[in-house]
Amino acid sequence: MIKPSHSALDTAAIAAALAAAKATAALGLLLLVLLVKPSQAQTPAPSARPAAPTPPSAAQLFREADLTLGQKLIAENRCVACHQQKVGGDGSSIYRPLGRINNPGALRGMVEQCNTELNLGLFPEEVSSVAAVLNRDHYRFP
Ligand code: HEC
């Protein structure tokens, strides 16, 4: 007896297998898109600042700040003397609350940057304390 190479049943089975393979491929693609998309969204352009939807308030950011220590560090590190040389007067006009420093996080970041560039060796709590004093006396961010 000659057996047909493909019975109707075989054809149906092959069609089902093909459909299943396609569905799997589509699912795989979907998963890939889902996996890849968020990671792309999280990678900012090199120059982009990290998005800060709600910047912390000064009250939050400087909660642990030691204002007495901050004042002492500002005096010790001659921050004012150098600023005075740059802008004259009492040096305070170097602080521009409406400039690029427009929130407490940016203020703290600037103090951190000075700390690094001038090699002051301040600890994170000290940077916060210095920034807290500048905020109290000059920037006045809430
Ligand atoms: C050697 C000089 C020098 C010293 C020391 C110095 N600064 Fe500055 N600082 C500058 C100059 C110059 C600028 C302005 C930079 C600019 O406009 O790009 C500046 C800007 C700043 C600003 C940003 C002002 C603004 O609103 O844009 C902050 C905050 C600041 N300094 C904090 C400090 C603190 C705190 C210290 C001490 C721990 C310090 N600086 C020590 C030279 C100095």
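Helices (H or I, at least four residues) and strands (E, at least two) are DSSP runs, numbered from the N terminus. On that basis, colour the protein chain by secondary structure and you'll read α-α-α-α-α-α along the sequence: six helices and zero strands. Bear in mind that this is a predicted model, where local features need pLDDT of at least 70, side-chain atom pairs count only at pLDDT 80 or more, and totals for chains, interfaces and linings use all residues. Residues are numbered from 1 along each chain as its sequence is written.

Next, select Phe62, in the loop between helix H2 (58-61) and helix H3 (67-76). Phe62 counts as buried because 23 other C-beta atoms lie within 10 Å; the cut-off is 20 or more, with 12 or fewer for exposed, partly exposed in between, and C-beta atoms placed from the backbone. Across the 142 residues of the protein chain, 16% are buried.

Now show what Phe62 touches. Contact means C-beta atoms, placed from the backbone, within 7 Å. Beyond its neighbours within four places in sequence, Phe62 is in contact with Pro104, Ser128, Ala131, Ala132 and Asn135. Hop to Ala132: leaving out residues up to four places away, Ala132 touches Phe62, Ala65, Leu67 and Gly70.

Notes. Contact = placed C-beta atoms within 7 Å.
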